[in-house]
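Here's a quick briefing to read alongside the model. Have the viewer open and follow along by topic.

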Amino acid sequence: MAEKILLKNVGIPGSERLETCRARGGYRALERALRELKPAEVTDAVKKSGLRGRGGAGFPTGLKWSFVPKDVPGPRYLCCNADEGEPGTFKDRVIIENDPHLLLEGIAISCYALSVAEAFIYVRGEFALGAERLERAIQEAEAGGFLGRNILGSSFGLKVHVHRGAGSYICGEETALLESLEGKRGLPRLKPPFPASVGLYGRPTVINNVETLSCVPSIVENGPEWFASIGAKGNTGPKLFAVSGHVERPGVYELPLGVTLRELLFEHAGGIKGGRRLKAVMPGGSSTPVITAEHVDVKLDFDSLAAAGTALGSGAVIVMDDTTCMVEVALGLTRFYRHESCGQCTPCREGLGWMERLLDGIESGRGRPADIDLLLELASGISGKTLCPMGDAAVVPAQSTIVRFREEYESHVRTKGCPLKSAGDRIL
Amino acid sequence: MAETTERKFSEEVRSEAERIVFSYGVKESAVLPLLHIAQREFGCVDGEVVELVARTLGISPTRVAETASFYTMFSPAPLGKHVIQVCTNVSCSLLGSESIVRYLETRLGVVRGRTRPDGLVTLSTVECLGSCGTAPVMAANGTYYENLTTEKVESILRELGL
């Protein structure tokens, strides 16, 4: 894909400013939407484009929008999920810091389609620079007539708030995000009801990821058919892949959905660091099952990765070479999820601590042979048995590394320690 | 009973807080923004800060306290003058964040998770900072420093006067 859509302004000096963005075609799609399209036509275009949510779940965006009841009087809201916290994920930050107006334009068009007059960008607390740039971009856009009352002389108006999180991973779960926005602890809600009918302040609410909303202007400007021509059937459009770990050139790469892992790693990310061997990849963030070097030709899209037993997730590709201890990786991530559990559901709250202790035992030479199957048993006792998808996500690092690298766990138990790390060289 | 001094926002901060409360249609939504301001102003969110935020919003202190205690960015005890947070999650650890933490522990004379007795610096390990493409990463007083090496860490510490 020669032409960049989401990263087109990244790297241009002053890309975060309105004048730079305008000079490069910013807000043209909003002008077009307001002058030429009815709100329902915008939703139809997003549906036809095949756009699927870029936050992790891959749910069709237009369909999500259509769940908002049309006949309910009173306010409705749009929340942009900018609580980018899945380990390995750093793609939304690139848009937020470098092209905040692209996101704001996407939000404005989406709110027009949904008849929303108030939107919230929930940005993770650590992104202080991003929050500052968004605030400034909102001020610029309001002064320029692209946000605020009577946008571009139309009857459509929109107030956008930037709301900072405060260091909680679970607030990236959409209903926890709503609770947090309401000033409460970030405890996920029981669904149904879904936010489309009962969301923020009990009102109909749409929650979309930063990258998802940033795709919307290009769909309006170039048409849904154009968008659908990028990528593969059912997996359309450009995707940001955030590559980290053992590669020569880590970073965010914009490529069509369906690009192979091989092309991403070896043509774009410069290959495995130091010319070492590829051992394992988490293709969509730390909660997607690991795949191995034999999967290097898999296509990076929702359906191909599901067929390979893993998931596209957030598109965060974490690369591990042959010096990596998979038990140690699983331990570090299980510890992370245990720390971030909100504590509402017993399986997640209690089970993750137990899994962490078992993994710590195996990694530090105190593991028993039966611990490996006990870990799998605990994983199946947590997955699918919690209010929110956190339980499912949290067990994936341990579960999938046991499935793919069981012999590594067994050799830890047999040799009473980590064969890949000398004493005192623990990385996690 | 011990005498307590009631905490107050300065005039300037008070009007900033009022602007924020006013901008939300539902005042409870201003809890997190106000706690951020309070953490910035007082260096912690202790019982008195909770009282102050509750008074500013006209809601119960318990309501503010239960929210504040959920979020790691609000510290119940005062932090050091400088706060150094090193990411030790997967991408950073693959690229050696542990050696960065160890270097900082030795160089600063404080173990992770603690504030040095002189109150000058707090060292902590934190979860993914969302900067994995430039790992290892740390935040010093909220500013990100990326692609860390021990040499780079040393020059950052000197810049901070540590």
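Two strands pair if DSSP finds at least two bridges between them. Helices (H or I, at least four residues) and strands (E, at least two) are DSSP runs, numbered from the N terminus. With that in hand: strand 2 (residues 118–123) and strand 3 of chain A run parallel, joined by 6 bridges.

This is a predicted model, where local features need pLDDT of at least 70 and side-chain atom pairs count only at pLDDT 80 or more, while totals for chains, interfaces and linings use all residues. Residues are numbered from 1 along each chain as its sequence is written, and chains are lettered from A and ligands numbered from 1 in the order in which they are written.

**The sheet in chain A**
- An open sheet is built from 4 strands with parallel pairing, in the order 3-2-1-4.
- Strand 3 and strand 4 (205–209) of chain A sit at the edges, each pairing on one side only.
- From one strand to the next, the twist averages 20° (axes are lines fitted to C-alpha atoms, for helices over the stretch in contact, and angles run from 0 to 180 degrees between N-to-C directions).
- Helix 8 of chain A packs on the sheet, touching strand 1 (77–82), strand 2, strand 3 and strand 4, and its direction makes about 110° with that of strand 1.

**Where A meets B**
- Chain A puts 45 residues into the contact and chain B puts in 34 residues; two residues are in contact if their C-beta atoms, placed from the backbone, lie within 7 Å.
- Elements giving two or more residues to chain A's side include strand 3 (159–164), helix 8 (174–181) and helix 13 (326–340).

**Chain B**
- The domain assignment, which is automatic or from a database, gives domain 1 (11–68) and domain 2 (82–159).
- The C-alpha centres of those two domains of chain B lie 29 Å apart.
- Helix 3 (residues 47–57) of chain B has B:V49, B:V50, B:L52, B:V53 and B:T56 as its buried residues (buried: 20 or more other C-beta atoms within 10 Å of its own, with C-beta atoms placed from the backbone).
- Seen down the axis of helix 3 of chain B, those residues fall within an arc of 160°, so they line one face of the helix; the arc is that of the directions from the helix axis to the C-beta atoms.
- Their cover includes helix 1 (11–23), helix 2 (31–42) and helix 4 (61–68) of chain B.
- After helix 3 of chain B comes B:G58, with a positive phi near 70°.

Terms used
A residue is buried if 20 or more other C-beta atoms lie within 10 Å of its own, exposed if 12 or fewer, and partly exposed in between; C-beta atoms are placed from the backbone.
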